[in-house]
Amino acid sequence: MSCSHRIFHCSCTPSFLLKPIHSKIKKMEHKFDSEAVIQEFESLTKDAKRVQLETLKKILKENGEAEYLKKWNLNGKFDPQTYSSCVPLVTHKDLEPYIQKIADGASYPVLTGKPITTITLSSGTTQGKPKFVPFNDELTETTMQIYRTSFAFRNREFPIGNGKALSFIFGSKQFTTKGGLLAGTATTNVYRSAQFKKTMQAMQTPSCSPDEVIFAPDFHQSLYCHLLCGLIFREEIQVISSTFAHSLVHSFRTFELVWSELCSDIRTGVLSAKITVPSIRTAMAKVLAPNPDLADEIQRKCLGLTDWTGLIPEMFPNCKYIYAIMTGSMEPYLKKLRVYAGGVRLLSADYGSSEGWIGANVNPDLPPEMTSFTVLPNIGYFEFLPLTESNEVDSVGPEPIGLTDVQLDEEYEVVVTNVAGLYRYRLGDVVKVIGFHNSTPKLQFVCRRNLMLTINIDKNTEKDLQLSVETAAKLLADEKLEVVDFTSHVDLTTDPAHYVIFWEVSGEASDAVLKECCNCLDKSFVDAGYVSSRKVNAIGPLELRVLRRGTFQKIMDHYVGLGSALSQFKTPRCVGPSNRKVLQILCNNVVKSYVSNTFG
C-alpha cells in the first residue's frame with residue numbers, strides 16, 4: 001500500500017513492455033480505458049520471468065548505494081543467483097534497526113537510493129503494536145496499478161456508470177518521527193495522495209464523503225457522516241466499499257443503531273449535535289439540506305425490513321456490488337455481510353499488506369471464498385519458500401524459488417523485494433498456487449504463519465479456528481443468535497495448558513446451548529496432534545469465555561488509539577501473552593465461562 005506522482009504505471013515496469021500502450025494509459029486521467037489496462041496486464045503476465053529479472057535489476061540498480069545493499073557486496077551484479085546467495089532472507093526484526101535510522105532522520109541512503117519521506121504503520125493486530133515500514137512514491141504507483149488492474153476486469157464483468165461510491169475509508173492519526181518523517185497507516189498514506197483521487201475519479205467512483213469526513217480525528221463521527229452522505233446521495237451510489245469486510249459489517253451494525261438519528265438530520269437539515277469536530281460540521285453543511293421526503297422514505301424502508309435483511313439494496317437501489325478484502329481473517333464476516341447485501345454481489349478486493357501489494361483479483365465473477373490473486377510481476381521481485389509439508393507451516397524447504405517456478409497445488413511462504421527498501425523480506429503469509437494466468441501464478445491466501453494455536457504437537461491455524469467457530473456457532477441459530485466476533489488465546493498458566501476461545505454473542509444464549517457450543521469447539525479442532533494430546537490430557541479441556549457486548553468495539557478503539565485506522569483494523573485471531581492490553585480487555589469483560597468435557 002503505497003504513494004507516487006506518476007500514477008499511470010509503476011516506475012519499475014519494464015519500458016519494453018509499456019511502449020505500445022503507454023500513451024493509452026497516460027490518457028486515463030480523465031477517462032478510464034479498461035481494455036488498455038487489461039492489454040498491459042496481459043503483456044506483463046505473458047513474459048513474467050523476464051519482467052521479474054528486469055524488476056529485480058531495476059530495484060538493485062536504483063538502490064545500490066544504500067547502506068544495507070552495500071553491506072552484502074553485490075559488486076554491481078543484479079542477477080537472481082547472486083542476489084539470493086549474497087542477501088539473506090529477513091523478517092521485520094532484522095530490518096528494524098535500519099528503518100529506525102530512517103525514522104530518526106539519517107542523512108545518507110540506508111535502505112533506498114532516494115530518501116524515504118514517509119513511514120507506514122502496520123495495523124498492529126498481529127504483534128500487538130504497529131510496525132514501522134518504509135514508504136515512498138513508487139509504492140503508491142504499485143497501488144494505483146493494482147487498483148486499475150482489478151477495476152478493469154471488474155468493470156468488464158459489472159460495468160458501472162458515472163456515479164459515486166459509499167467508501168468507508170478512514171484516515172488515521174499521523175505523527176512526525178524524530179527525524180521529521182510523517183508516519184501513518186498505509187491506507188492513510190494512499191488516501192491522502194493526489195493520485196488516489198484522480199484514479200477514483202477516472203474509475204467513476206469518487207467517494208460521496210468530503211475529505212473532512214475521511215480524515216476526521218474521531219472515527220465514530222467520521223462513520224456517522226459516511227452513512228449520512230451515503231443516504232443523501234443514495235440514488236447515485238454504485239459501489240459500496242472499504243478496505244476490509246469487517247469495517248463494512250461494523251458500519252452497517254452502526255447503521256442499525258443510528259438510522260433514526262440519520263433520518264432526523266435529513267428531515268431537518270441540521271447535523272446531529274454529537275458531531276463536534278468543526279471541520280466536519282462545516283463540510284457537512286455543504287451537502288446537508290432539509291429533505292423530509294427522503295427522510296420519510298428511508299424511515300419507511302428501515303421499518304419494513306426484517307432483521308435488516310437486504311438493507312443495502314433498500315437504501316442504495318443502484319448499488320452494483322460491494323467491494324472489500326473478504327478473504328483470510330475476513331471470511332467470518334461474510335455471513336452477516338450477505339444478510340445486509342440481499343442480492344447485491346460481494347466482490348473481494350486484492351492481495352496486499354502494509355509492506356506492499358502482491359496480486360490482483362482478475363476473476364471478479366467468483367464468490368469471495370473462491371477468490372484468487374494473480375501476481376503482477378512488475379510491482380516487486382517475488383520468491384516463494386516451499387513448506388516441507390502442507391500442514392506444517394513451521395517448517396520450510398531449504399531454498400526459495402522464483403515466481404515462475406512455483407508448482408500447482410503447492411503451498412509457500414511469500415518473500416518480497418519491493419521498491420521501498422525491503423529485500424528478501426518474509427511476509428509471513430502462506431499461500432497456495434491454484435493456477436496460472438499466462439506465466440504468472442494465481443494464489444489463494446491460506447493463513448498467517450505466526451497466527452497459530454499450539455501447545456504440544458498440535459498446530460491449529462487461523463483457518464482451523466475459523467472452521468471450528470463456524471461449526472459451533474450453528475448451535476446458536478435455533479435461538480436466533482450469532483457470534484458477533486471471536487478470538488483465541490493459549491492459556492499456559494494452567495497445567496496442562498489449554499485453548500481459550502472468546503466469543504461475543506448478539507444476545508443472551510442459554511447455559512445449555514453455550515455448554516454444547518464449548519464441547520463442539522473442542523471436537524471441531526481435528527488436527528491429529530491436538531486430538532491425540534487431548535486424549536492423553538497433554539492439552540487441557542478447551543474453555544469458552546463469553547464476552548460482554550461491545551468488547552470487540554473496545555479492542556478496536558484500543559488499536560485506533562495506537563494509530564491504526566478503522567478501515568485497516570483486523571480483529572486479532574490469536575492473542576499472545578505479549579499483547580497484554582488486548583488480553584486485559586478480554587479478561588475484564590468475560591461474563592460467562594464454560595469448560596469442555598468432550599474428551600472426558
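1. Of the 600 residues of the protein, 59% count as buried. The coordinates come from a predicted model, and the remarks below should be read accordingly. The secondary structure comprises 22 helices and 23 strands. Among contacts between residues at least 6 apart in sequence, 72% join residues at least 24 apart.

2. The first point of detail is a parallel sheet. Four strands make up this open sheet, in the order β3-β6-β7-β8. Its edges are formed by β3 (164-168) and β8 (345-348), each of which pairs on one side only. From one strand to the next the twist averages 20 degrees. Five bridges connect β3 with strand β6 (residues 237-244) in the parallel sense; within this pairing, S167 has S241 of β6 as its bridge partner.

3. Two helices pack on the sheet. Helix α12 (residues 219-232) lies across β3 and β6, and runs at about 160 degrees to β3. Helix α13 (residues 245-268) lies across β3, β6 and β7 (321-325), and its direction is at about 120 degrees to β6.

4. Which residues touch the most other members of the largest nonpolar core? They are I240, F255, F316 and I322, in a core of 144 residues. Helix α13 supplies the largest share of this core, ten residues. A separate core of 28 residues lies apart from it, and includes L465, L481, F486 and I501.

5. G342 is found in the loop between α17 (334-341) and β8. Is this glycine buried, partly exposed or exposed? Its relative accessibility is 41%, and G342 therefore counts as partly exposed. Beyond residues up to four places away in sequence, G342 touches G310 and P313. The C-alpha atoms of G342 and W308 are 9.4 Å apart, while the two residues are separated by 34 positions in sequence.

6. Apart from neighbours within four places in sequence, S34 is in contact with A152 and N155.

7. A search of the whole structure finds 17 aromatic pairs. In one of them, Y147 and W357, the ring centres are 6.1 Å apart and the planes stand at 70 degrees, so the pair is edge-to-face. Y147 belongs to helix α8 (residues 137-157) and W357 to strand β10 (residues 356-360), so this pair ties together parts that are 210 residues apart in sequence. Both Y147 and W357 are buried. Elsewhere, ring pairs link Y68, W72, Y98 and Y423 into a cluster.

8. Charged side chains are also placed over aromatic rings. The charged end of R154 sits over the ring of Y323, at 3.8 Å from its centre. K164 lies over the face of F233, with a distance of 5.1 Å from the ring centre.

9. Eight bridges join β20 to strand β21 (residues 498-505), and the two run antiparallel. They form a hairpin with six residues between them. In this pairing, the bridge partner of T487 is F502 of β21. As background, strands of a sheet pair through backbone hydrogen bonds, either parallel or antiparallel.

Key:
Residues numbered from 1 in each chain as written. Predicted model: local features only at pLDDT ≥ 70, side-chain atom pairs only at ≥ 80, totals over all residues. Heavy atoms only, no water. Pairing = 2+ DSSP bridges. Axes fitted to C-alpha atoms, helices over the stretch in contact; angles between N-to-C directions. Contact = heavy atoms within 4.5 Å. Buried < 20%, exposed > 50% of the residue type's maximum accessible area, 1.4 Å probe, protein only. Core = buried A, V, L, I, M, F, W, Y, C linked by side-chain atoms within 4.5 Å. Phe/Tyr/Trp six-rings, centres within 6.5 Å; stacked < 30°, edge-to-face > 60°. Lys NZ or Arg CZ within 6 Å of the ring centre and 35° of its normal.
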